[in-house]
Amino acid sequence: MDAVYALLQEKSVRDLTMEEVARRAKVGKPTIYKWWPTKATLVLAMLCERMAPNLEKPTVLTAEESLRFRVRRLIDAFNGPFGKIVAGLIAEGQGEPAVLQEFFGRWVSPRRAATIADLQRGKDAGELRSDTAPELLNDAIFGAIYYRLLLRSDPLTKRFGDELVEHVIRGQRSGNAPG
């Protein structure tokens, strides 16, 4: 994982090779392939090991606080070296659908499910309106973040994340919700 991370500081996901990883890690290529059959699975394993722990949230937050926490952490991660890596994986997936499928399955889906569960919990607790669609709320917010990451239309800033959450969730708060 150290070798993959270090090499991806120097080059793109597309330009990374298993040979370079093996050489940097001082192991044989068969050892790499034994555990990670493709470059994408190796890069995803590194992301899950290095980036995912920074996205975990405390358990005592309201649904809105949880959403704000997740947005801030993701933006922080995307503004560091992981943004380039995630964008590279998504780019690779355009030509190799299996890469995109694995990226969604291993990276996006678990985080999406956790956020949707938090939003559903907020809906059930009366923080959000009873007609709130947690999946749509999640996709509206995180879709905008991935849009800026991939298209670089504007910077991914903390302010953008805070304003995005505020604008999207404003109409979803129930009369009982703080804020």
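Predicted model: local features only at pLDDT ≥ 70, side-chain atom pairs only at ≥ 80, totals over all residues.
Helix 5 spans residues 63-79 and helix 8 spans residues 134-151. Their axes come within 11 Å and cross at roughly 10°. Angles under 35 degrees count as roughly parallel, and helix 5 and helix 8 are therefore roughly parallel to each other.

A second pairing involves helix 4 and helix 6. The axes of helix 4 and helix 6 come within 11 Å and cross at roughly 150°. As angles over 145 degrees count as roughly antiparallel, this crossing makes helix 4 roughly antiparallel to helix 6. The crossing of these two helices is left-handed. On the side of helix 4, the contact is formed by K39, A40, V43, L44, M46, L47 and R50, which meet F82, I85, V86, L89 and E92 in helix 6. The residues of this contact divide into nine nonpolar, no polar and three charged.

Helix 1, which covers residues 2-10, has A3, V4, L7 and L8 buried. Viewed down the axis of helix 1, the buried residues fall within an arc of 125°, so they line one face of the helix. These buried residues pack against helix 2 (18-25), helix 4 (39-50) and helix 6 (81-95).

Note on methods. Residues numbered from 1 in each chain as written. Heavy atoms only, no water. Axes fitted to C-alpha atoms, helices over the stretch in contact; angles between N-to-C directions. Helix = DSSP H or I, 4+ residues; strand = E, 2+ residues; numbered from the N terminus. Parallel < 35°, antiparallel > 145°, perpendicular 65-115°, else oblique. Buried < 20%, exposed > 50% of the residue type's maximum accessible area, 1.4 Å probe, protein only. Arc of directions from axis to C-beta. Contact = heavy atoms within 4.5 Å. Left-handed = near helix turned anticlockwise from the far one by under 90°. Nonpolar A, V, L, I, M, F, W, Y, C, P; charged D, E, K, R; others polar.
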